[in-house]
Amino acid sequence: MALRLPPLPALRDFIHMYRLRAKKILSQNYLMDMNITRKIAKQAKVKENDWVVEIGPGPGGITRAILEAGASRLDVVEIDNRFIPPLQHLAEAAGSRMFIHHEDALRTEIGDIWKNEPNRPSSVDWHSPNLPAMHVIGNLPFNIASPLIIKYLRDMSYQRGIWQYGRVPLTLTFQLEVAKRLCSPIACSCFVPRPQVDVGVVRFVPRKTPLVKTSFEVLEKLCRQVFHYRQKYVEKGLKTLYPPELENELADELFKKCRVDPTTTSIRLGIEQFADLAEGYNEQCIRYPGLFLYDYTNKQHNLENLSKEPNALPPPVPV
Ligand code: SAM
């Protein structure tokens, strides 16, 4: 059942009332159409009594839709002080359901927000088919989207932060093109000509068992190096994982083992192939202590000095 908010000025009038204009530096792009913001709350599957964290609420279009959907607690994290007065206006209308955190989302531990709230929805075992009655939602600014998503995916993989409560779904809006790529089984750039910029909503639900068995860090390093030269053969990026004296031997071994064509491009690889490459690379890191820490841009790096570093290789993620 949708919960009515007391009468509020229309979103457009809000923008005028509080003299809000989109700031380029914060990549602001407001959603002004409540039909769209309601669809986003619906796609996120926000239900009555759910608890929600919203990142970058801006003038509050999605915020209103989340409150209307019946969330019993909504915490918003907004960096731009110009939005605080309109958000306070909304918080007053929402009774005691809404809390404003005037902070940088990149520095906010969203898992701590409800730490001392005894009434928060129950945690749900990671392997249960059920999800906790909690959500993270955001129409993220493009400049923070990548670092924030990487932070959240890492927290998901370690079941920490807000993911200590279970498989909390994360719903984010992206440019349609980016959203389609995220949902495509292969990361290929199959959308030519580029579609018009439009909004796509992606709901990330953590898997019960991770598809990739290595630590998040091993997968992240592999992806970072492989995507370094996205238009070139995949072997060019992959070889940067190894010191020059081993690069041919170890890259060759990995391609053969994973049956990946070294002359394909990184954007044509599927998730299973990345999983195989990450697991193969992890094995090589065990065989060559110090390999995981190797950074090809650091001329001082060699396996002999790196192998003396303690805890060189992060352990696999919990299963
Ligand atoms: N959610 C609103 C909407 O859909 O209309 C606004 C979306 S706008 C693309 C992004 C919002 O994120 C802006 O309000 C901006 O101020 C905020 N923002 C930018 N960087 C941020 C950060 N580091 N932490 C928190 N909020 C941020």
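A: Start with a term. Helices (H or I, at least four residues) and strands (E, at least two) are DSSP runs, numbered from the N terminus. Arg259, for example, lies in the loop between α9 (244–258) and α10. Keep in mind that this is a predicted model.

Q: How many helices and strands does the protein have?
A: There are 11 helices and six strands. The C-alpha atoms fill a box of roughly 70 × 45 × 35 Å, taken along the principal axes.

Q: What share of the residues is buried?
A: Buried residues make up 33% of the 319 residues. A residue is buried if 20 or more other C-beta atoms lie within 10 Å of its own, exposed if 12 or fewer, and partly exposed in between.

Q: What can I learn from contacts between residues at least 6 apart in sequence?
A: See how far along the chain the partners sit. Here, 65% of those contacts join residues at least 24 apart.

Q: In what order do the strands of the open sheet come?
A: Read across the sheet, strand by strand. The order is β3-β2-β1-β4-β5-β6, and the pairing is mixed. At the edges are β3 (98–101) and β6 (199–204), each of which pairs on one side only. Neighbouring strands are turned by 20° against each other on average, direction ignored.

Q: How do β1 and β2 run, parallel or antiparallel?
A: Strand β1 (residues 51–55) and β2 run parallel, joined by five bridges. You can also read single partners. Ile55 has Val77 in β2 as its bridge partner. Glu54 stands opposite Val76 in β2.

Q: Is β2 enclosed or open, and why?
A: Count its buried residues. Five of the five residues of β2 (residues 73–77) are buried, so the strand is largely enclosed by the rest of the structure. Then check each face. Arg73, Asp75 and Val77 are buried on one side, and Leu74 and Val76 are buried on the other.

Q: In which sense do β5 and β6 pair?
A: Strand β5 (residues 170–175) pairs with β6 in the antiparallel sense, over six bridges. One partner pair to find is Thr173 with Val201 in β6.

Q: Which helix lies across β5 and β6?
A: Look for helix α6 (residues 176–183). Helix α6 runs at about 30° to β6.

Q: How do I describe two helices that pack together?
A: Two packed helices are described by the angle between their axes and the distance between the axes. Take helix α7 (residues 216–226) and helix α10 (residues 271–287). Their angle is about 110°, and their axes are 9 Å apart. The two helices are therefore roughly perpendicular to each other.

Q: Which residues make the contact of α7 with α10?
A: From α7 come Val218, Leu219, Leu222 and Cys223. From α10 come Phe274, Leu277, Ala278, Tyr281, Asn282 and Cys285. By class, the contact has nine nonpolar residues, one polar residue and no charged residues.

Q: How many residues surround the ligand?
A: The number is 23, and the closest are Gly56, Gly58, Asp80, Ala105 and Asn139. Next, sort the shell by class. It has 13 nonpolar, seven polar and three charged residues.

Q: Which phi value does Lys45 have?
A: Lys45 has a positive phi of about 65° although it is not a glycine. Lys45 is found in the loop between α2 (34–43) and β1. Lys45 is partly exposed, with 14 other C-beta atoms within 10 Å.

Q: How far apart are Met17 and Ala93 in space?
A: Compare sequence with space. Met17 and Ala93 are 76 residues apart in sequence and 16 Å apart in space, C-alpha to C-alpha. Met17 lies in helix α1 (residues 11–17). Met17 counts as partly exposed, with 13 C-beta neighbours inside 10 Å.

Conventions:
Residues numbered from 1 in each chain as written. Predicted model: local features only at pLDDT ≥ 70, side-chain atom pairs only at ≥ 80, totals over all residues. Axes fitted to C-alpha atoms, helices over the stretch in contact; angles between N-to-C directions. Parallel < 35°, antiparallel > 145°, perpendicular 65-115°, else oblique. Contact = placed C-beta atoms within 7 Å. Nonpolar A, V, L, I, M, F, W, Y, C, P; charged D, E, K, R; others polar. Near = placed C-beta within 6 Å. Pairing = 2+ DSSP bridges.
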